[in-house]
Amino acid sequence: ANMTSVLSNLDVVSVRFRHEMDTLSRWLNFRSVPAQLKDRINMHFTYLSRKQHGVLDHIIFDDLPPQLSRDLCELNMDLLTKVPFLSRHYRSDTFLSHVVSAFGRRVYPPGSCIQYQHERNRELIIVKSGKADIFIGGIKDSVGSLLPGDFIGDYQLLFGTSNQVSVSSPEFLEA
């Protein structure tokens, strides 16, 4: 009986996803979105559906009581405290809890530019899964990679300086 229930629920999620994708497809056609952009948008939502099993994070977080939401956010504490100025050696647990609760999750599809060289932004990006390539102007090949647990933007966040490198995702990247 449990296996039948699981399969039935998977089918419901699959049907809902197909319905949402059909709605999205009609909207993209109505707006005359170019085929290549449509493909990238479809790829993004297909990835999210597979990764999150049909339930988007923000829907879960919005329905949780505040304390449960904070407890769930705390699961990312290890990623946060790898950043030197956010280590437990320098920051209180209360401060770190507020910071990790303010985290936003982003998914970058393949080919996305995460940050541009010389652009000013005050954003810390911590890779949760996937890989990002690092580029420096004038050099065609990447000069390095960011892997899960790596971060970029700490200096820019603190001091407001411009980015010294460009970063792009050759595959899906969650940050």
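Good morning. The structure is a predicted model, in which local features need pLDDT of at least 70 and side-chain atom pairs count only at pLDDT 80 or more, while totals for chains, interfaces and linings use all residues. Residues are numbered from 1 along each chain as its sequence is written, and side-chain values use heavy atoms, with hydrogens and water left out.

I begin with the overall figures. The protein contains seven helices and eight strands; these are DSSP runs, helices being H or I of at least four residues and strands E of at least two, numbered from the N terminus. Of its 175 residues, 31% count as buried, where buried means under 20% relative accessible area, exposed means over 50%, and partly exposed lies in between, with a 1.4 Å probe and protein chains only. Among contacts (heavy atoms within 4.5 Å) with a separation of 6 or more, 66% are between residues 24 or more positions apart.

Let us walk across the pairings. E2 and E7 are joined in the antiparallel sense over three bridges, and Ser112 stands opposite Ser169 of E7. Three bridges also connect strand E4 (residues 132-135) with strand E7 (residues 166-169). Here Asp133 has Ser168 as its bridge partner, and Ile134 has Val167. E4 and E5 are likewise antiparallel over three bridges, with Leu146 in E5 as the partner of Ala132.

Finally, the loop between E4 and E5. Ser142 lies in this loop and counts as partly exposed because its relative accessible area is 34%. Which residues does Ser142 touch, beyond those up to four places away in sequence? They are Asp133, Ile134 and Phe135. Ser142 and Ser168 are 26 residues apart in sequence, yet 9.5 Å apart in space, C-alpha to C-alpha.

Ile139 is also placed in the loop between E4 and E5. Its relative accessibility is 45%, so Ile139 is classed as partly exposed. Together with Ile136 and Val143, Ile139 forms a nonpolar surface patch of about 230 Å² accessible area. Patch residues have over 30% relative accessible area and no salt bridge, with like charges joined within 9 Å and nonpolar side chains (Val, Leu, Ile, Met, Phe, Trp, Tyr) within 5 Å; a salt bridge is a side-chain nitrogen of Lys or Arg within 4 Å of a carboxyl oxygen of Asp or Glu.

Key. Two strands pair if DSSP finds at least two bridges between them. Accessible areas come from the Shrake-Rupley method with a 1.4 Å probe; for residues, only the protein chains shown count as cover.
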